[in-house]
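Please look through the sequence and the structure below before reading on.

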Amino acid sequence: MTASAHDDAALSPALREQIQGAYRAWLAARGFAPRRGQRLMIAEIARTLGALTVDELGVRAPGPPHVVVAEAGTGTGKTLAYGLAAIPLAQARGLTLVISTATVALQDQLVERDLPDLQKAAGLKFTYALAKGRGRYACLARLDRILADDSTALASDLFGPPPSLAARPLYQALRGALEAGRWDGDRERYGEAIEDERWASVTTDHRGCTASRCSFFRDCPYFRAREAVQRADVIVANHDLILADLALGGGVVLPPPEETLYVFDEGHHLSDKALGHLRRFTRLLGSQQTLDSFERLVGTLAQRLGRAPAWVAAAQRLAQLAVPLREALGEALALAERLDALQEGGRPGQTRPGQPPSHRFPHGDVGDGWRQQSKGLAEGFAELVSLADELAERLSEALEQAGEARAELEAAQGSLGQLQGRLEGSEALWRDFATASAEPHARWVARLGQEGSLDVEVQSSPLSAGESLRDVLWERCFGAVVSSATLTSTDGFGRFAEAAGIPDNARYLVVPSSFAYGEVAQLVVPKLRTDPSQSDAHNAEIAALLPGLLREEEGSLVIFTSWRQLDQVCAALPATLLRRVLSQATESKARILLEHQRRIDAGEGSVIFGLASFAEGIDLPGAYCRHVIICKLPFSVPDDPVEAATAEWLSAQQRNPFMEMSVPDAALRLKQACGRLLRSEKDYGRITVLDKRLVTRRYGQAILEALPPFERVFES
């Protein structure tokens, strides 16, 4: 599917001239010549979104395409293209432009470089702000309670042990920096890294936040940042924040979808992110601990509020509800323990090393026993959710009249909010397990922890987020652009469009690259004896080939598909080569990249050994990467419950899961890995694939056709 030119008469002459003039100004300021791909992308976005009309209520009129899907490779300048087109369009319509990314690195690039560049070089006048969730900001109320002299504050121990004394100097430094105005409460903007465990003690989520009822509301870092976001013409966010806002109904943290133009950069992550938000889960022993915390909180509140009759009655009601619910959770645990896969050790070969033992219910059908048990649990948790909602209202009323106990009640309200979220999550999971849904689902149970700390996690997920995204995002938004370097695969845009629920009338565009692929890069498949299905022999052959493939003076990246493969290959390599290797098995990703760049800058050779996380999202331009070696075609391991259930469902539909799912996904991952080589028009090098299936299997040709047109050298 590709875009075809269509009438741009709906784009007003003034708006068209503004966009074209901004592009000319940017080119002149930079001393660049126009690029065909940039011009096509700007034009397609402007034509499509500029043609949209509104009805008498100011709502987008249905009919014309309002979503543009553009694959634009590295070097296209896609940020410039969508910025130049979408910012004037949004301003002309009185809409907010929300640019969403999947990574912090791209957010920082947009805020620190790309958007200021558009203001200065293109002459566009707009304001912008970076939007983050509450969890990225310090909560002044929690920080104050941690540092209070009274260490027995109400509900301080409900969600884990209190902060250690060793962390107290950090919390004092955080409060001092806030009070002195040296810090705005944003975790990423603090002068040093803060460990996750320590940060968790001083932040909160929407459930634990009391908002305007909080004593610290006027100085709250999150709400101060939110004010700037609400005033901005352009908001930079991430996919998770947008999906979380849509789950709350939209318009809670960000502008309503109906008043928004979206740009989803790194859009290939969108469906997976959405699927994560749709997943339901609960833990059986964790649920019992939540019950304990709920009873303790309500009992303590009844005491602190003078044994008010309503609170005493609530504590008694909770005690009555908790007894049968604990029994039902115990019965569910017994059901789980009878599953072969969850018994101690499980069946040989059922799970890979490091994977928790799990049982997936075939076709998502949990059976009568689980269904009946889940029905009772769903009803029990529904009653707890109703009680928690009632108590939240009573606690809000008590806060209105609170005196000296206000801080303590605010702490209780935050704790109650977190409990409500847990209870609602459990109810949603058990209701899902108790109901036969029309939409295909994956449902599974996993044993977590080791002996002595056993818990069982119960999970459910739809197989696709497409329908949900269509309902909450695409049908509601005024317009949207989805862009990435990797959206097409062996079936064009088909796999992505289905997974993301893209509207049928969307506009599709493959932006021509500015790279002369055939002149600057080779794709090499050397002569190989072994098939990757013979994993030990194949890994031995990789180890034998690598010393001859890796040039001593070069910057190289070797991508493995598993820890086992990486370990086996490393064990068979000579020590002289291993001295040049920076391995993900022994170093952090950040440390590897810094040391690799230092070595290359010093004129030394350097080799990175990494897994899938090095196949996407890292930037090694120029001499930092002249050779990418891919040890094996990146087919996914069929142990993910959702992927396994999807393959099962496709087979039941008389469809071929290997050709419809496995091959397109592998082609996309291979395309992403190949994209590590060429990061600018001055780059060159070679890509070596150590998997003969690329040239010996019929599906290999389909994968090759999905890759850029590198010069191809097949030694087999």
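In this predicted model, the helices α11 and α13 cross in a left-handed sense.

- Two packed helices are described by the angle between their axes and the distance between the axes.
- Helix α11, which covers residues 284–304, packs against helix α13, residues 367–400, at an angle of about 30°, and their axes are 13 Å apart.
- Because angles under 35 degrees count as roughly parallel, α11 is described as roughly parallel to α13.
- On the α11 side the contact involves S287, L291, F294, V298 and L301, which meet F381, L384, A388, L391 and L395 in α13.
- The residues of this contact comprise nine nonpolar and one polar, with no charged residue among them.

**The sheet**
- Seven strands form an open sheet in the order β3-β4-β2-β5-β10-β1-β11, and their pairing is parallel.
- The edges are taken by β3 (128–130) and β11 (507–510), each of which has a single partner strand, so one side of each is left without a neighbour in the sheet.
- On average, and with direction ignored, neighbouring strands of this sheet are turned by 15° against each other.

**Around strand β4**
- Strand β4, residues 234–238, pairs with β3 in the parallel sense over three bridges, and Y128 stands opposite V234 in β4.
- Helix α9 (residues 239–247) packs on the sheet, where α9 touches β2 (96–101), β4 and β5 (260–264), and the direction of α9 makes about 95° with that of β4.

Key:
Residues numbered from 1 in each chain as written. Predicted model: local features only at pLDDT ≥ 70, side-chain atom pairs only at ≥ 80, totals over all residues. Heavy atoms only, no water. Axes fitted to C-alpha atoms, helices over the stretch in contact; angles between N-to-C directions. Helix = DSSP H or I, 4+ residues; strand = E, 2+ residues; numbered from the N terminus. Parallel < 35°, antiparallel > 145°, perpendicular 65-115°, else oblique. Left-handed = near helix turned anticlockwise from the far one by under 90°. Contact = heavy atoms within 4.5 Å. Nonpolar A, V, L, I, M, F, W, Y, C, P; charged D, E, K, R; others polar. Pairing = 2+ DSSP bridges.
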